[in-house]
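I opened the model to look up a few places in it. My notes follow in the order in which I made them.

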Amino acid sequence: MIAVAVPDREGGVALALHRVSKSFDGRKVLDDARFAVRWGEVHALLGENGAGKSTIMNVATGVYIADTGVTEIDGVATRIASPIEASRHGIGMVHQHFRLVNRFTVAENILLAAGPEAGIRNLDQAARLVAAKGSEVGLGIDPAARVCDLSVAERQRVEILKVLILGARIVILDEPTAVLSDQEATSLLRFTRGLADTGHAVVLITHKLREVVGHSDRVTVMRGGRTVLADCPTTGLDEAELARQMIGERVAPLRHLEAHPGAPRLVVRDLTVARADGGKGVDGLSLELRGGEILGIAGVGGNGQQQLADCLIGLATASRGEIQLMGRPVVAASVAARRGGGLRMIPSDRFASGLIGDMSVAENLAMTHLAGRYSRWKGFLARGRMRRDARAAITTFNIAGATPERRARLLSGGNAQKLLLSREVDSELTVLVAHSPTRGLDVKACQFVHGAIQDSVAAGAACLLISDDLEEILSLSTRIAVMSRGRLVGEFPAREATAEKLGLLMMNHA
Amino acid sequence: MFRIEPRGYPSRFWSLGSPILAIALTILVTGVIFAAMGQEPLVAVYTFLIAPLLEHNGLAALAIRAAPLIMIGVGLSLCYRTNVWNIGAEGQFTLGAISGGGLALTFPDAPAELLFPGMLALGVIGGMFWAAIPAWLRTRYNANEILTSLMLHYIAGLLLVYLVTGPWKDPHGFGFPQSALFSSTATTPIIVPGTGVHLGCALAPLLAAIAWLVLNKSVLGFKLRVVGQAPRAARFAGFNEDRLIWTAMLISGGLAGLAGILEVAGPVGQLTTTISPGYGFSAVIVAFLGRLDPIGAVFAGLLLALSYLGGDAAQIDLGLPNAVTGIFQGILLFFLLGCDLLIRYRIKRVRPNPAVTLTGIAE
């Protein structure tokens, strides 16, 4: 590999962020966080989902403006107000979700994204630059290929080339291996090493221990918006200690439900569900769930949890395997039929699946029981009954700010979730699938949701709790399994589970 | 400098204000076009939009023109609310005319009490059948109904041409591409003698009222609206999305077919190659101008009907081509879509701040 023109500043601090805080809608996502990467090193930035890793790097690249804090480049305090300014300072970021125009060729994408900044005037020049830069750093790609014809790994190469052509010397990769196969990931990690060897500063955002220990020089760990471990050399690092740092001390659950498992209510055998992009979301997963128990499924988001939830309720089709609900096979049944069997669900995307923002509270509540309870004479809506039931639900679930006529979108997150709960946790409930039921909620709302789930299970229901929040899994579940790459990779009773044990399973298999 | 920024949620004011602003802008620009064509703009606009109403039987003429527009527009409103984009109402209108008209031509001497209701029923079924094809392609193969319904319109048009130049051609028609005139028993009843105001003119507002009830008060209407607004949430709640797509397509196709048979059995009186001046397409504008509300479609249908009358008047009184109707309708749709931006966005004056703007673009 030919050395790229990078000033000889080996070992000096390339990029440093000090005392950075950032809030969204009053919620602190970065709290006095700090981070520093040196020239010539691969620096891993480790943390759970929502720890603030991507946010702090988005501050460094000018996507977000921090509320407080200082950014230093080469020791000089610098104000970066936009990604273009960041790129002028030699900072480039490869985002998790690619920003490419799929119908355009590689060269066209480069011209579009880097044209004026990198002084590229036409397509030929862009194509030549792609070829030259590609062979220089070892990322060969056909400039004339359309992005939609490229594999995910190849698209990632285009993104990296884009950043390098823009002149980045500080290269930030946001969970780059999440979308890659093992071999592709290894080759990418080798590439990052080469980049560092030519003097670049490389930041590797990740939650995989393997990448920290094997492929980076130093690690910074973030948790809950704070930096809990900064600038720690990775040689001789204890993985268990790292996992503990990342996950933190967990508070003991206040009220643990004793499992009194009854008959199996939900049985899943060898289930395989495809992802929208054709890959396998769920890959031969089996589980059994009985009344009176909460099976917690832990795991880093994106390991097939969404496809599992969609397939259980009937929104996604299984390509293989079977599902039994209350002893009846339902793998080919409609959503309505599954709901008829008492299956209920709290989806992870409250307003995309569960509720309709522009419809009233009463309409949202009635949606699942239109056929029986809320239709009267000649198929007309029983508006009076809808209103009365809504009023009752608002009182019972203490949904603040709600009236039957109010549009659901005007409710706060916690109250919208209560609205959803009051609809889904009804008298006919047999199996509840709760997918990240407290995501984005405040402490009080969390407690309420957890209480409602535990109450329904104490009353005999079965609950499948899918969550990437370990604390939630540990405090609610009677049994815990870890999901990784579409299957369950470990399962144990809740009392044998520790955050560390789960963390290691989640991160080593991820 | 101005900036367009998203509102928190849709503005109710602009949802109704947008069509009014669009109509005002359309009249303004139409006036400018009239001026460019050498007309006195105010006189021309008066001739185009007001004079037709003041003529003898002007309101009757308006009602006759509005009936098919309203009927089709009501169906399309329901359909678009379901997020199903039936653009081929013109074809469904034609199929309705062919199916009902075929009965009239085959049994011209059948008793009136059987023949006319039979024609209406066949008209509805014909329209439904033509809408069922895109519905099937959409639900079975996920084919885009905008394209399939639009293309089926051409097929329907060619089928009509084939019939009136071939098997159904009037032997006593001097070679013109038209069928025989329908018998008196196969004619849409006139409800206001001497004006030509026919059954369809009464049926259109009645159907609009029924559609409003269905959409706003019935379980079916509720389901259609939910599927239209949030298809994923509808599936999640257990609605059968495919069945609702079918329902929306069949309702809009059936109403377009009904409008078709009423038109050929009424004002037209026979099957010809020119049974519609583009009612099926103008009804798309009717639906949007009426805010996808069946009652709104009644008012919007009247305005679009007026643009047809105005086109005739402009041709006769000012010597302008009657393409002004199409121009007026086109400009109206253009401004309507443009003004609808105000429902979800507001236009804000900002001091120039390059850094912020760049971030906005990069995002």
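**Entry 1: a helix pair in chain B**

The axes of helix H4 (residues 58–81) and helix H12 (residues 279–289) of chain B cross at roughly 60° and come within 8 Å. Axes here are lines fitted to C-alpha atoms, for helices over the stretch in contact, with angles from 0 to 180 degrees between N-to-C directions. Helices (H or I, at least four residues) and strands (E, at least two) are DSSP runs, numbered from the N terminus.

The model is predicted; local features need pLDDT of at least 70, side-chain atom pairs count only at pLDDT 80 or more, and totals for chains, interfaces and linings use all residues. Residues are numbered from 1 along each chain as its sequence is written, and chains are lettered from A and ligands numbered from 1 in the order in which they are written.

**Entry 2: residues between the two helices**

Which residues of H4(B) meet H12(B)? I listed Pro68(B), Leu69(B), Ile72(B), Gly73(B), Leu76(B), Ser77(B) and Tyr80(B). Their partners in H12(B) include Tyr279(B), Ala283(B) and Val286(B). Contact requires C-beta atoms, placed from the backbone, within 7 Å. The residues of this contact divide into 10 nonpolar, 4 polar and no charged. Ala, Val, Leu, Ile, Met, Phe, Trp, Tyr, Cys and Pro count as nonpolar, Asp, Glu, Lys and Arg as charged, and the others, Gly among them, as polar.

**Entry 3: surroundings of H12(B)**

I checked burial next: 11 of the 11 residues of H12(B) are buried (20 or more other C-beta atoms within 10 Å; exposed is 12 or fewer, partly exposed in between). Besides H4, these buried residues pack against helices H1 (12–36), H5 (89–106), H11 (241–268), H13 (294–318) and H14 (324–339) of chain B. Just after H12(B), Arg291(B) has a positive phi of about 60°.

**Entry 4: other positive phi values**

Phe174(B), not a glycine, has a phi near 55°. Phe174(B) sits in the loop between helix H7 (145–165) and strand S2 (190–192) of chain B. I put Phe174(B) down as exposed because 6 other C-beta atoms lie within 10 Å.

In chain A, Asp270(A) has a positive phi of about 55° without being a glycine. Asp270(A) belongs to strand S11 (residues 264–274) and is partly exposed, with 13 other C-beta atoms within 10 Å.

**Entry 5: chain A**

An automatic or database assignment sets the domain bounds: domain 1 (13–247), domain 2 (264–342 + 428–509) and domain 3 (356–427). The centres of domain 1 and domain 3 of chain A, taken over C-alpha atoms, are 45 Å apart.

Cys232(A) is in strand S10 (residues 226–233) of chain A. Leaving out residues up to four places away in sequence, Cys232(A) touches Arg218(A), Val219(A) and Leu237(A).

**Entry 6: the contact of A with B**

How many residues does each chain give to the contact? I noted 26 residues from chain A and 21 residues from chain B. On the chain A side, the elements giving two or more residues are helices H2 (83–88), H10 (335–340) and H11 (350–354) and strand S18 (380–381). That side divides into 15 nonpolar, 8 polar and 3 charged residues.
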